Amino acid sequence: MKKRTIFTLIVLFLSIIILTLLIINKKNNRNLVIQNNPINYEENKKDESAEDKEIIKEIAEDKGININNSYNENTSLYEVKKEYDGREYITVKDSIKFKVALAGIIKKQKPELNKLDEELKKAPKHTGIWIEESSRNEFLKIINEITNANYSIDEDGFLRQEESFIMNNYDKKIKNILLKNELFVFAINSECYILDEVTGEITLYPFEEMDPHQGAEIFESNDKYIYVISQNKKGKTNIKETIENIIKSF
């Protein structure tokens, strides 16, 4: 009789704990409230210094780089950078590489260099995790497989997280990303558009074809990031593992 009473008390105690956890989880199971900041894609249209222009011209002539193409009438595609030993070189600006890649993702075809700002009117308007339209179902499926919290993608293409009492490391990483007030763009595609460093022309870059073991092509510019994830057509990568590794890296 005494053992049965103890057993009943233990069951009752455990039931109370479970019920309490469920109530707490239900209260916490709401969309994470974050402060979204607007995204500005416009290039700084200040004239480069006369010195920079001269350096760009000299290096371009020496390397056979065509610098006649311009993003706009005031801004060159190129900027001057330095090697670890102090030697100067020129490269396409990260901001323009980013805009070309994003415009290609949105347009799903080759964007026009002199119409980038116009084509980016359909780009994500604020910070957060934004998923390209044709990638949303697969991306959301994988996120829900590797996490404990509930996720959805809103009508604007942004990932939404419901806060949960039981969150794993992926959930915590995603929460931290959402609270960073930075833009993270995800697209599942084995190719992307890039700006050729030598010709200054926009070209299609089939990165999986070039390197079947490459899980993603990454672009970065001023707290904005693009992750173009390989579709694994060659069977050398894994979409789920690539997404897991990207989230782990944050």
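The questions and answers below concern salt bridges.

Modeller: This is a predicted model, in which local features need pLDDT of at least 70 and side-chain atom pairs count only at pLDDT 80 or more, while totals for chains, interfaces and linings use all residues. Residues are numbered from 1 along each chain as its sequence is written, and side-chain values use heavy atoms, leaving out hydrogens and water.

Biologist: How many salt bridges does the count come to?

Modeller: Side chains of opposite charge can pair when their charged atoms come close. A salt bridge is a side-chain nitrogen of Lys or Arg within 4 Å of a carboxyl oxygen of Asp or Glu. By this rule, the count is 12.

Biologist: Which residue forms a salt bridge with Glu119?

Modeller: Glu119 is buried, at 15% relative accessible area (buried means under 20%, exposed over 50%, partly exposed in between, with a 1.4 Å probe and protein chains only). The closest N and O atoms of the pair are 2.9 Å apart. The partner of Glu119 is Lys107.

Biologist: How many residues apart in sequence are the parts that Glu119 and Lys107 tie together?

Modeller: Helices are DSSP runs of H or I with at least four residues, and strands are runs of E with at least two, numbered from the N terminus. Glu119 lies in helix α4 (residues 116–119) and Lys107 in helix α3 (residues 94–107). The parts are therefore apart in sequence by 12 residues.

Biologist: What is the relative accessible area of Glu132?

Modeller: Glu132 meets Lys108 in a salt bridge, 2.8 Å from N to O. Glu132 is buried, and its relative accessible area is 5%.
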